[in-house]
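Me: I would like to go through this structure with you and ask, at each step, what a given description rests on.
Reply: Gladly; let us have the model before us.

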Amino acid sequence: MTPRARLLAGLGAGSTAAALASPPPAAAHGLVRRANLPIPEWLFGSAAAVVLLVSFVALAVLWPAPRLEEPRWRPLPGGLGRALGARAVEVTAGAAGVALLGLTLLAAFAGSPTAEGNFAPTFVFIIFWVGLAFTCVLFGDVFRSLSPWRAIGRALEAAVPSLGAHPLPARTGRWPAAAALLAFGWIELVSGWSEAPRTLGVAIAAYTAYTLAMQARFGTETWTRRGEGFAVYFDLLARISKFETRGREVGLRPWLGGLPGLDRAPGTVAVVAVMIGTVTFDGLSAGGLWREVAAVLDTATGAPDASATLGLLACVVVVGAFYALGIRGARSVGGPVGADRLRAGFVHTLVPIAMVYVAAHYLTLLLFEGQAISYLASDPFGRGWDLFGTASAAIDYGVISQNQTWYLQVAFVVAGHVAALTLAHDRALSLYGQAQVAVRSQYWMLAIMVGFTMLALWLLAQAGA
């Protein structure tokens, strides 16, 4: 039974403690069919558009100068910031990350040959990919310390100081990270490898070898900042958080305060387009429209994976084109800012949209299927163990109702797009210097945000159709 089918069955039955459920294979389809809502879905969309319009007007009137370009930062009180940022904490977290990587690989290769009883798929596609995204938004870039590849790379560089001597070409930028995230999206949504833990283990081992080789050539910190896909991904999401580490001290800044400082490396737009586009395809593939399109593509290509791959790539390209259209519109209002500077200058505004797409689409996956980690951790290799006394735990499908899920999803979508509008308005004020020109330049960006909002809500409504 697929993850979506298990969610539908559990929610449809209204059970508060379903029978022991299997961890999801690979596709992180967290969307579920909803019961009849108290108001029509189109009314949700209309209300969301009105919220964005009101927010745009309010920003134009009440936000006359940039506030986020140089955000305030203060350390956590009582020495807590220094304690959390201490070297010992970082080393301990890195060791934990290495241990989890080792456990995941061992489970993939030596555990149950089926995804239902194997620790690796649930940990990779739910706890790591989805759960850690929420964690970084709330608490900052915890993955920087947890990253097993960074921890191993730093240890190797300490032992062999000559490693990492080659500079990474500036034109490379974040393109390797964009490629890595796209490959992960393909593995998650197209390949079906999550249903074969051994194949998933090979992919993890190959990525580990590739990452360590790149770190050995270009330096661990450089590759972590530019080329390692997951590090770049979680860093972008962590810039939304109130928590930021400076030096070896953790402090507080305003929400969204880390995003305006994002450097304009080549490939950054591609990274964000992949972040949004892969989730878009996941939502699209959950509905009836895609099944009709896929049937045509399958007939034309003769391979289901080929049609899904084309759909995934198309969604990424459409997101990138949508953003390019907004930038082109902003350029048309005039002013001293060129197209290249606009394209690089506003990409950070899409990061909250990327996060709320993850939050809205994968909320149910994390809340329901994520519970499976409790019994899988007790028996990670499918040998009948009960290490933590949780092997008989069950998934509680009553933690949130279908309507509550829908309300939360809509709230996530609207809040994320309002945040994006705020960042865009703040950056426009900084770039143009004149409030009137800055506001005019954002008419197109408002249209783009409304478009992304409507797309997100439509994809949510398509779930299970």
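Reply: To begin with the charges, the mean position of the 32 positive charges of the chain and that of the 25 negative charges are 9 Å apart. Please keep in mind throughout that this is a predicted model.

Me: How much of the chain counts as buried, and what share of its accessible surface belongs to carbon and sulfur atoms?
Reply: Of the 465 residues, 52% count as buried, that is, they have under 20% relative accessible area. The accessible surface comes to about 19,100 Å², and 66% of this belongs to carbon and sulfur atoms.

Me: What makes strand 2 and strand 3 a pair?
Reply: A pair needs at least two bridges between the strands, and strand 2 (residues 243-246) and strand 3 (residues 249-252) have four, in the antiparallel sense. Among the facing residues, Phe243 stands opposite Leu252, while Glu244 has Gly251 as its bridge partner. The hairpin that these strands form has two residues between them, and Gly247 takes a positive phi there, near 65 degrees.

Me: How many bridges join strand 1 to strand 3, and which strands are called edge strands?
Reply: Two bridges join strand 1 to strand 3, and these strands run antiparallel; with a threshold of at least two bridges, they count as paired. Here Arg74 stands opposite Leu252 of strand 3. The three strands form an open sheet in the order 1-3-2, with antiparallel pairing. Strand 1 (74-75) and strand 2 are the edge strands, since each pairs on one side only.

Me: What makes both faces of strand 3 covered?
Reply: In a regular strand the side chains alternate between the two faces of the sheet. On one side of strand 3 lie Glu249 and Gly251, on the other Val250 and Leu252, and all of these are buried, which is the ground for calling both faces covered.

Me: Why is Leu256 called buried, and where is Leu256 found?
Reply: Leu256 has 12% relative accessibility and therefore counts as buried, the cut-off being under 20%. Leu256 is found in the loop between strand 3 and helix 12 (268-284), and its phi is near 75 degrees, a positive value in a residue other than glycine.

Me: Why is Leu100 called partly exposed?
Reply: Leu100 has 35% relative accessibility and so counts as partly exposed, a term for values between the 20% and 50% limits. Leu100 lies in helix 4 (residues 87-110). Leu100 and Ser147 are 47 residues apart in sequence, with 9.9 Å between their C-alpha atoms.

How values were computed
Residues are numbered from 1 along each chain as its sequence is written. This is a predicted model: local features need pLDDT of at least 70, side-chain atom pairs count only at pLDDT 80 or more; totals for chains, interfaces and linings use all residues. Side-chain values use heavy atoms; hydrogens and water are left out. Buried means under 20% relative accessible area, exposed over 50%, partly exposed in between (1.4 Å probe, protein chains only). Accessible areas come from the Shrake-Rupley method with a 1.4 Å probe; for residues, only the protein chains shown count as cover. Lys and Arg count as positive and Asp and Glu as negative; His and the chain ends are not counted. The place of a charge is taken as NZ of Lys, CZ of Arg, CG of Asp or CD of Glu.
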